[in-house]
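User: Hello! I am new to this structure and would like to learn how to read it. Could we begin with the spaces inside?

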Amino acid sequence: MASTEKEPAGALSGIRVGRVAAPLREQVLDGLRRAILDFDLKPGARLVERELMEQIGVSRTTIREVLRELAAEGLVVVIPQKGAVVHAPSPVEAQDLYAVRAALESLAVRRFIERASAADVDALRATVDEMEAVALGDRDIPALLRAKDRFYDVLLEGAASPTIQDILGGVQARVRLLRATSLSQPGRPVRVIAEMRALVAAIAARDAGEATGLCVAHLDNASSTGLKALAAESPAS
């Protein structure tokens, strides 16, 4: 499934570092993180220090610090004799990550129902409209992921729990490959819209039991679809 071929320089063409707006290390960290999460750097791609130094124009020390931070976030893994590569979760790891995500998102839904305003619910519904426009339009998967990310931004803002937000953000980053793979499957985007609309309806009704059940069912469907697709793409299959 994952290729270990070097990514072209174009994959990092969006990283622009300045010297004033933010610390240099943070600029490089944000740029590489975005390149990974937007799949400009594919799972399994090698992150060679010297190449990164030349392409981005920063020191080896900065690159090493950034790679250590990305490894701590679970987006990069260091493999003996190979170095740093963009991480792709194994099926077992993915199952565990989705289980954790389901527990956290269910809690976020409960907190949203307890704390969010009617305006927050309207904002949540609007993000599903945005997802539907993308799904029925050009069906661009990165754009659909970004639209779905905005759903979670609104959900977490309404839930008003920095603890859930911090932990869930890390989990979602580590399953982004699975999320993209799942959404890429024929018919899945349309089903996602239906699942999210049902979830928002339950949230609007302030029915915590129904809403958390729909949340878990949505993630079960996403996990199952993504894992099956990855297994089909694996050389072993």
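User: Which residues lie nearest the centre of the largest cavity?

Analyst: A cavity is a set of points on a 1 Å grid over the protein atoms alone where a 1.4 Å probe fits but cannot get out, and lining residues have an atom within 4 Å of a point. Here 14 residues line the largest cavity, and Ile36, Leu75, His87, Ala173 and Leu177 lie nearest its centre. Helices α1, α7 and α8 each supply at least two residues of that lining. The space in this cavity is about 120 Å³, where volume is the space filled by probe spheres set on grid points joined across faces, edges and corners. There are three cavities of 30 Å³ or more.

User: What should I know about the model itself?

Analyst: This is a predicted model, in which local features need pLDDT of at least 70 and side-chain atom pairs count only at pLDDT 80 or more, while totals for chains, interfaces and linings use all residues. Residues are numbered from 1 along each chain as its sequence is written, and side-chain values use heavy atoms, with hydrogens and water left out.

User: How many helices and strands does the protein have?

Analyst: Helices (H or I, at least four residues) and strands (E, at least two) are DSSP runs numbered from the N terminus. The protein has 10 helices and two strands, in the order α-α-α-β-β-α-α-α-α-α-α-α.

User: Which residues of α2 are buried?

Analyst: Buried means under 20% relative accessible area, with a 1.4 Å probe and protein chains only. In α2 (residues 49–57), the buried residues are Leu52, Met53 and Ile56. They sit on the same side of α2 because they cover an arc of only 105 degrees around the axis, taken from the directions from the helix axis to the C-beta atoms. Their cover includes α1 (24–37) and α3 (60–72).

User: And how do I read a nonpolar core?

Analyst: In soluble globular proteins, nonpolar side chains tend to be buried together. A nonpolar core is a set of buried Ala, Val, Leu, Ile, Met, Phe, Trp, Tyr and Cys residues joined through side-chain atoms within 4.5 Å. The largest one here has 50 residues, and Phe112, Leu124, Met131, Phe151, Leu155 and Ile203 touch the most other members. Helix α6 gives the most to this core, with 11 residues. Apart from this core lies another of 22 residues, among them Leu37, Leu47, Met53 and Leu70.

User: What does Met131 touch?

Analyst: Contact means heavy atoms within 4.5 Å. Leaving out residues up to four places away in sequence, Met131 touches Leu144, Ala147, Lys148, Phe151, Ile193 and Met196.

Definitions and conventions
1 Å grid on protein atoms, 1.4 Å probe; cavity = no way out; pocket = protein on both sides within 12 Å on 5 of 7 lines; lining within 4 Å.
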